[in-house]
Amino acid sequence: MPENATEVTAAGIARLAGVGRAAVSNWRRRHADFPHPVGGTETSPSFALAEVERWLRDQGKLVEVPLRERVWQQLAGHPAGPVTALVHTGCALLLVNRSPAAWREITGVSDERMAGVLSLALDDALADRFGPAGNGRAVRTPDRAELLPSVPLLRGAAELAAGTGGTGVHETYEFLLGRQLDANPRQYTLTPPGLAELMAELAGTGGPGVRTVLDPAAGTGALLTAALGPADAAGAPDTTSRPTALHAQESDPGLAAVTALRLALRTADTPRTTPGDRTLDVRTGDTLRTDAFPRLAADAVLCHPPFNERNWGHDELAYDPRWEYGFPARTESELAWVQHALARLRDGGTAVLLMPPAAASRRSGRRIRADLLRRGALRAVIALPAGAAPPYGIPLHLWVLRRPGTEPQPTPELLLIDTAEPAEQTTGGGRDRLDLTALRHAVLDAWHAYEGQQPQPTAPHSAASRTVPVIELLDDDVDLAPARHLPSPAATGGPAELVGVRERLTTTLGLATSLTPPPPAPTAPAHRPLTTLGELARAGALQLRHGGAGTGTGPVLTEHDVLGGAPPSGAPATGAPATGAPEEPVLVEAGDVVVPVLGGVTVVRVVDEATAGAALGRNLQLLRPDPAVLDPWFLAGFLRGTTNNRQASSHASTATRLDARRLQLPRLPLAEQRRYGERFRALAAFEDALRLAGRLGGQLVQGLYDGLTDGTVTPE
């Protein structure tokens, strides 16, 4: 096998063949001719992709590998790593877009010959987009030896891009980058697209006065991509009123190159009236220690800085002119990033930073916070709900800042917004349940009202906001956490809302009482012939489908929705899947039975008309019975049996996994199934009433505690 051959893991083999990882393990044990590992570790071996494809095809388990899957596996298994592969791919796609004819000529030779010719062609394409080599550009021209292992990948990526009529370079790159980020989320500091869009809108990057935007901690370029706004059908951004100069700096050379290529491909088809009317300047380096743009006066700065850094340059930067509002303590790296952002703004320019909540209240930063308030530089602090961005368990903040000008400022005020959701809405919460669209509307409504741009309408997302005079905040702590100064959004309704909750609770308790099952009659255990869902599936009595991240436009039924008995709350996957066959979502229908895959929890849901049409989310299995053979409520009821679940569950190192094919059902006539089904349906209604009563009871109790403690409810 060549030393530079692409490798693939067992998970990749499973994806290629459309099976589970357990099937791959079985093949390795049962087939002596299965390809031997060529790398990886004993617990996570890797295999040569070409050998795996050949074996799968010989076994009849693979007819044709989809092009998009082949390209992804080549990128993921690249011998130099996926980031290097992404850089080489981005360079090639830039050349494909710039000169399709030259690309076709280059690819008409052998791989060895192509690698040498391609290096020269890429140097010209990169110089045209980023300037000549040696000027500090983030993307270095790869040489022949570096490109040789990438040639099959580059051929495939160009073919994938050509699937949309030659205009799919941006979509192809976004697909591959998105796959890499999804597969390795802990390796990168990610800013979710919805949150990035909110930050760009707060900074006004779509307005006519914002032409230059800086991201000093660019990562993978999510914030500057959001600043460009939505792409049109050809993949280029709408340039009606979008930034024309993008500046970025990133300490990781690989990510800096990825960001530069991502933005270059996004703007590749943007018309330019003159060669210099659109600027893209991405640099590599430590921003705080070695600022690449010391004389820049940007219209807007967007930044998701690293949190809790101790080694940010405290000792060597003590006399840096950027510390206009005070020298940050060693533990206050985030306040160093805040002041860097302000230093790179023009007068009146806006900066939006994602911040840890501790930065608003740590005593070591109170003097800098106080000076930011006194001078009117800090305009808003927005508390986000947990799940808005990693780390997902912490409710992060957004800080909106504006560089003060020379003209006199009015009495400064600070806008505080708390977007935390009521407990009833976040039961079983998590980022899958977070409605970023509604959150964005709520925040922007409050921000625009504060800025005097428009009256504040009623937002579809629960949020509390208040404009606070700075003088009220300048105490010994200068604590700017919105929760310290605002009531909980759950309590903003006051006593009137609690009256409504109490009435709903009373009604629900009455319903639960009426639905209480009668006492069971003692009887001997029944011994009935059994069958498994796997046998029923093979006989055509039901279909088994698995949820995923397919694209779509409707809501997604998530694992949390099934566990909590809630309506579909998930959002579909963003972005098109590049080219080739899209990952179609599995849409649920009335009468389907949905079962969680993980957790070993005996929860089953029968889909009703209100839920029908939603896409099936991750970690869910769908059972679609033939109504002429199986009653769905009968099916769902027997799947809830504890013994049944124990027999069908397997245990991994960190979770319990349910194999639905091993679940058992008794063989009963359809009429008898329906008798059982009616009883199971009544039990499900009783369970729903108890669940709702528990939520309403908790909301009422907490509301009364809050009301009694804040004075809105009296003890009488």
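This is a predicted model: local features need pLDDT of at least 70, side-chain atom pairs count only at pLDDT 80 or more; totals for chains, interfaces and linings use all residues.

Guide: Start with the largest nonpolar core, which has 89 residues. Trp103, Leu118, Phe130, Leu202, Leu261, Leu302 and Leu398 touch the most other members.

Visitor: What makes a set of residues a nonpolar core?
Guide: The members are buried nonpolar residues, joined through side-chain atoms within 4.5 Å. As a general rule, nonpolar side chains tend to be buried together in soluble globular proteins.

Visitor: Which residues does tryptophan 103 contact?
Guide: Leaving aside neighbours within four places in sequence, tryptophan 103 is in contact with Ala92, Leu95, Val96, Met114, Leu118, Leu154, Arg155 and Ala158.

Visitor: How much of the protein chain counts as buried?
Guide: The figure is 48% of the 716 residues. The accessible surface comes to about 33400 Å², and 52% of that belongs to carbon and sulfur atoms.

Visitor: Why is arginine 310 called exposed?
Guide: Exposed means over 50% relative accessible area. Arginine 310 has 54%, so the label is exposed. Arginine 310 is found in the loop between strand E7 (298-303) and helix H14 (333-343).

Visitor: What does arginine 310 touch?
Guide: Arg330 and Thr331, not counting residues up to four places away in sequence.

Visitor: Why is the aromatic pair of tryptophan 447 and tyrosine 450 called tilted?
Guide: The structure holds 11 aromatic pairs. In this one, tryptophan 447 and tyrosine 450 are 5.6 Å centre to centre. Ring centres must lie within 6.5 Å to pair, so these two rings qualify. Their planes make 40 degrees. Under 30 would be stacked and over 60 edge-to-face, so this pair is tilted.

Visitor: Where do tryptophan 447 and tyrosine 450 sit in helix H16?
Guide: They are 3 residues apart in helix H16 (residues 436-451), so about one helical turn separates them. In general, an α-helix has 3.6 residues a turn, so residues three or four places apart point the same way.

Visitor: Are tryptophan 447 and tyrosine 450 buried or exposed?
Guide: Buried means under 20% relative accessible area. Tryptophan 447 has 2%, so it is buried. Tyrosine 450 has 16%, so tyrosine 450 is buried too. Elsewhere, ring pairs link Trp27, Phe34, Phe47 and Trp55 into a cluster.

Visitor: What is the strand order in the open sheet of 9 strands?
Guide: The order is E6-E5-E4-E7-E8-E10-E9-E11-E12, with mixed pairing.

Visitor: Why do strand E6 and strand E12 stand at the edges?
Guide: Strand E6 (279-284) and strand E12 (464-469) each have a single partner strand, so one side of each is left without a neighbour in the sheet. The twist averages 15 degrees from one strand to the next.

Visitor: How do you know that strand E9 and strand E10 pair?
Guide: Two strands pair if there are at least two bridges between them. Strand E9 (residues 378-383) and strand E10 (residues 397-402) have 5, in the antiparallel sense, so they pair. The bridge partner of isoleucine 382 is leucine 398 in E10. H14 packs on the sheet and touches E7, E8 and E10. The direction of H14 makes about 155 degrees with that of E8.

Visitor: What covers the buried residues of H15?
Guide: The cover includes H14, E9, E10 and strand E11 (413-418). The buried residues of helix H15 (residues 366-374) include Ile368, Arg369, Ala370, Leu372 and Leu373. Glycine 376 follows H15 and has a positive phi, near 75 degrees.

Visitor: What is the pairing in the open sheet of 4 strands?
Guide: The pairing is antiparallel, in the order E14-E19-E16-E17. Strand E14 (542-546) and strand E17 (605-606) are the edge strands, as each pairs on one side only. Strand E16 (residues 593-596) and strand E19 (residues 620-625) pair over 4 bridges. In that pair, valine 594 stands opposite leucine 622 in E19. Helix H21 (residues 632-639) lies across E16, E17 and E19, at about 20 degrees to E16.

Methods
Residues are numbered from 1 along each chain as its sequence is written. Side-chain values use heavy atoms; hydrogens and water are left out. Buried means under 20% relative accessible area, exposed over 50%, partly exposed in between (1.4 Å probe, protein chains only). Accessible areas come from the Shrake-Rupley method with a 1.4 Å probe; for residues, only the protein chains shown count as cover. Helices (H or I, at least four residues) and strands (E, at least two) are DSSP runs, numbered from the N terminus. Contact means heavy atoms within 4.5 Å. Rings of Phe, Tyr and Trp (its six-membered ring) pair if their centres lie within 6.5 Å; planes under 30 degrees apart count as stacked, over 60 as edge-to-face and the rest as tilted. Axes are lines fitted to C-alpha atoms, for helices over the stretch in contact, and angles run from 0 to 180 degrees between N-to-C directions.
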